[in-house]
Amino acid sequence: MEKLFSLGFNRRSVLGLAAAAPLLAATRSAVAADSLGFGELYGKYSVLGLEFSEKVKKLAGRQVAIRGFMAPPLKAEAAFFVLTEVPMALCPFCSSDADWPDNIIVVYLDEKQTFTQPSQTIEVRGKLEFGSWTDPETGFVSLLRLRQAEYGTV
Amino acid sequence: MRKIFAALVVSTVLAGAAQAATVYPLDRATILTASPFDFKVEFNSVVKPEDVKITVNGQDYKTVLGKEVQFVAEEKNKDKVLGSAVILRGLTIATAGDYKVEVSAGSETKSVTWNVYGTGAAPKAKNVIFFLGDGLSVAHRTAARIMSKGMTEGKANGRLNLDDIPPAAFIGTSATNAVATDSANTMSAYMTGHKTAVNAIGVYADRTPDSLDDPKVETIAEALRRQTGKSIGIVATSEVEDATPAAVVSHTRNRNDKADVVGMLLDAKPDVVLGGGSAYFLPQATAGSKRKDDKDYIKLFKDAGYSVATDKAELAANINANGLLLGLFHPGNMDVTLDREFLKKGTVDKYPNQPGLVDMTKVALDRLSKDQDGFFLMVEGSSIDKMSHPLDWDRAVIDTIEFDKAIGLAREFQKTNPDTLIVVTGDHTHGVSIIGTVDDEKPGTEMREKVGTYAEAGFPNYKDENGDGYPDKIDVTRRLFLNANNGPDHYETFRPKMEGPFVPAIQNEKKEYVANEQYKNVPGAVFVQGNIPKSGDSGVHSVDDVLLQATGPGAEGFKGYMEQSDVYKVLADALALGSKQTN
């Protein structure tokens with residue numbers, strides 16, 4: 001696991017060789033990133049509110065790498081996408097965009113990248129940010145974000 | 001040709017040749033005497049106020065209705081002018097009978113007839129317990145009986161609690177705008193006596209984009225508050241602001257206005273509210289909130305006198321307490337029985353102390369029954385539906401067994417409180433049937449060949465050795481095979497989903513639902529081609545009638561085929577909601 005995160009992305013190769021499995025080995029990133037798992041986002045789950053984990057608080061503002069699945073964009077023009085722990089149906093039980101699970105991460109891309117298939121595991125790197133924030137264009141409320149992010153398939 | 005036709009339509013509209021305005025309540029609406037409702041007429045063109053003529057039973061409407069309408073010169077959807085309208089909010093009609101409402105403006109005319117009905121002066125029932133199995137279909141009942149009780153030589157080895165409540169009526173569930181239906185408009189019909197459009201609750205669906213301005217009708221909670229001193233309870237395993245529990249108290253064109261529904265719950269102040277959905281009670285700054293404002297409804301409910309329970313222990317501590325009770329046990333929908341009690345999947349690791357429907361129903365009954373005036377309690381088995389959508393039949397059936405156990409509590413209560421009417425029904429059905437069994441012991445590796453039909457089905461081998469009413473194991477070697485007649489592309493695994501609820505299809509970048517490849521490599525899984533549009537993520541509701549059962553005083557009012565909205569009339573009569581019972 002540790003070894004993986006010392007390896008970097010090359011966006012061009014990501015786009016060009018989307019189907020190639022060993023592509024993370026392509027180049028080395030200049031920026032080191034700490035790994036963060038979906039199981040490590042919250043320190044406490046409560047009906048009356050969640051508490052971010054110490055790890056999230058410690059890594060805030062730093063480069064982190066998270067693996068997950070890309071949910072389809074909310075709107076074609078949205079500057080972000082939602083990273084989920086498992087491939088998911090958008091709100092499986094109703095027709096609203098509001099009912100996402102609490103363990104999602106909103107990813108703001110540094111530059112536009114092509115979208116992947118929903119069952120494709122991706123690794124996203126970006127600057128971690130936590131706390132409630134409402135996207136001014138879409139009104140989408142997020143608790144955890146990766147800014148200036150980029151991603152590659154795994 | 002098409003172009004010419006379109007041009008003709010346009011010119012017809014412009015010329016205002018005879019066309020129909022729309023009147024709410026719709027034609028053939030049934031209205032409880034003295035219950036407030038909004039009257040609205042939508043014209044398809046812009047008309048002059050002086051041209052609007054409204055008569056009721058041939059007289060000027062003001063003479064009969066006693067109030068004057070408000071004229072809206074232009075209703076708009078963004079920049080598009082939809083036409084003029086007149087609105088009269090909070091109208092009541094005191095005297096039962098047929099009311100023919102005739103409306104005209106220029107060449108637009110419309111005539112509708114409402115039936116205003118009264119009730120007996122004295123209530124037949126002191127208490128009403130309304131059990132709503134969301135999506136409850138015949139297959140769920142049959143499977144619950146076989147899984148829970150077993151079957152020998154074609155005869156059930158035991159009976160469910162709901163097996164001893166007489167079937168009373170078949171219910172037609174269609175919406176005002178479609179033959180198909182959803183949990184909002186269906187529960188709204190039960191709880192208001194008016195049919196409405198898909199996704200709407202406690203309102204007729206008008207044409208304006210605002211979802212909170214639609215013509216309202218009275219909910220049962222409002223009628224109970226207006227006419228009686230009865231307590232009101234709402235118990236669900238879904239979010240308490242989800243469509244079914246919301247319909248007891250709310251008014252919105254869009255069931256997804258969940259943040260607003262929480263405010264409506266507070267306005268209605270039910271004495272007991274138990275379920276999931278805390279995320280819509282938390283101010284947006286709190287992690288886990290789904291609100292988009294700073295309102296703290298936990299605090300607001302406490303300020304209004306509510307005790308707040310957030311887990312099983314806090315709920316149990318509240319059994320005999322007095323006062324108002326809000327129990328919220330999950331930020332979203334509560335985990336289903338199979339996960340909560342047996343497999344510990346879903347989100348049970350995060351929220352390990354959730355009560356079940358039986359625990360919640362018990363607390364609700366204990367508290368509400370202290371009211372000398374009686375009570376109305378709505379209990380929803382929410383996840384029968386929420387697990388039927390993703391085709392997770394084992395979870396849907398185990399939740400049906402739990403729902404039945406809650407009915408058992410009510411039946412016990414009824415023995416010592418015979419002045420209690422119990423209704424058990426679904427809001428709509430699912431396209432699900434049991435076709436036989438899947439037998440792992442059959443030869444070969446192809447799971448499809450292990451499906452037993454006709455005589456080859458044999459009997460399933462679930463066991464309930466600990467006698468808790470649930471099968472000891474769900475993944476037995478010969479199990480019931482349930483199937484939906486519709487769905488998205490998915491993989492059929494022929495097995496219970498032991499790792500958590502089934503997610504049959506996921507969305508791709510074209511917003512189409514494709515089979516979830518997570519299940520592709522399950523041994524023997526087969527691809528099932530979907531037969532609904534690719535925008536559909538899961539199995540859909542069916543249009544089939546719902547079976548309604550009832551026992552207790554007033555149950556004789558249910559019979560034959562009934563429109564869903566007519567069920568309210570029977571409830572209103574049992575509770576004498578047409579007569580004032582408080583000073």
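Guide: A term to start with: two residues are in contact if their C-beta atoms, placed from the backbone, lie within 7 Å. Leaving aside its neighbours within four places in sequence, B:Gly524 is in contact with B:Thr445, B:Glu446, B:Met447 and B:Phe494.

Visitor: Where do the coordinates and labels come from?
Guide: This is a predicted model, where local features need pLDDT of at least 70, side-chain atom pairs count only at pLDDT 80 or more, and totals for chains, interfaces and linings use all residues. Residues are numbered from 1 along each chain as its sequence is written, while chains are lettered from A and ligands numbered from 1 in the order in which they are written.

Visitor: Back to B:Gly524. Where is it found?
Guide: B:Gly524 sits in the loop between strand E27 (513-515) and strand E28 (526-528) of chain B. Helices (H or I, at least four residues) and strands (E, at least two) are DSSP runs, numbered from the N terminus.

Visitor: How many other C-beta atoms lie within 10 Å of B:Gly524?
Guide: There are 17, so B:Gly524 is partly exposed. The cut-offs: buried takes 20 or more other C-beta atoms within 10 Å of the residue's own, exposed 12 or fewer, and partly exposed is in between; C-beta atoms are placed from the backbone.

Visitor: And how far is B:Gly524 from B:Glu449?
Guide: Their C-alpha atoms are separated by 9.5 Å. Along the chain, the two are 75 residues apart.

Visitor: Switch to chain A. What are its elements?
Guide: Chain A has 3 helices and 8 strands. The order from the N terminus is α-α-β-β-β-α-β-β-β-β-β. Of its 154 residues, 31% are buried.

Visitor: What share of its contacts join residues at least 24 apart?
Guide: It is 59%, counted among contacts in chain A between residues at least 6 apart in sequence.

Visitor: Is A:Thr153 buried or exposed?
Guide: A:Thr153 is buried, because 20 other C-beta atoms lie within 10 Å. A:Thr153 belongs to strand E8 (residues 141-153) of chain A. A:Thr153 and A:Arg67 are 86 residues apart in sequence, yet 9.3 Å apart in space, C-alpha to C-alpha.

Visitor: How many residues of chain A are in contact with chain B?
Guide: 28 residues of chain A are in contact with 36 residues of chain B. On the chain A side, strand E3 (51-52), strand E7 (121-134) and E8 each supply at least two residues. That side divides into 18 nonpolar, 7 polar and 3 charged. Here Ala, Val, Leu, Ile, Met, Phe, Trp, Tyr, Cys and Pro count as nonpolar, Asp, Glu, Lys and Arg as charged, and the others, Gly among them, as polar.

Visitor: Now chain B. At what angle do H4(B) and H14(B) pack?
Guide: About 30°, with their axes 6 Å apart; the helices are H4 (residues 183-192) and H14 (residues 564-575) of chain B. That makes H4(B) roughly parallel to H14(B). Angles under 35 degrees count as roughly parallel, over 145 as roughly antiparallel, 65 to 115 as roughly perpendicular and the rest as oblique. Axes are lines fitted to C-alpha atoms, for helices over the stretch in contact, and angles run from 0 to 180 degrees between N-to-C directions.

Visitor: Which residues of H4(B) and H14(B) make the contact?
Guide: H4(B) brings B:Thr186, B:Ala189, B:Tyr190, B:Met191 and B:Thr192. H14(B) brings B:Gln564, B:Ser565, B:Val567 and B:Tyr568. They divide into 5 nonpolar, 4 polar and no charged.

Visitor: On to strands. How many residues of E15(B) are buried?
Guide: 9 of its 9; E15 covers residues 231-239 of chain B. E15(B) runs parallel to strand E19 (residues 375-381) of chain B, joined by 6 bridges. Strands pair if DSSP finds at least two bridges between them. B:Val235 has B:Val379 in E19(B) as bridge partner.

Visitor: How many bridges join E15(B) to E16(B)?
Guide: 4, and these two run parallel. E16 spans residues 272-276 of chain B. B:Glu239 stands opposite B:Gly276 there.

Visitor: What is the strand order in the open sheet of chain B?
Guide: E2-E4-E8-E7, with antiparallel pairing. The edge strands are E2 (22-24) and E7 (70-77), each pairing on one side only. Neighbouring strands of this sheet are turned by 25° against each other on average, direction ignored. E7(B) and E8(B) are joined by 6 bridges, and B:Lys76 stands opposite B:Val81 in E8(B).
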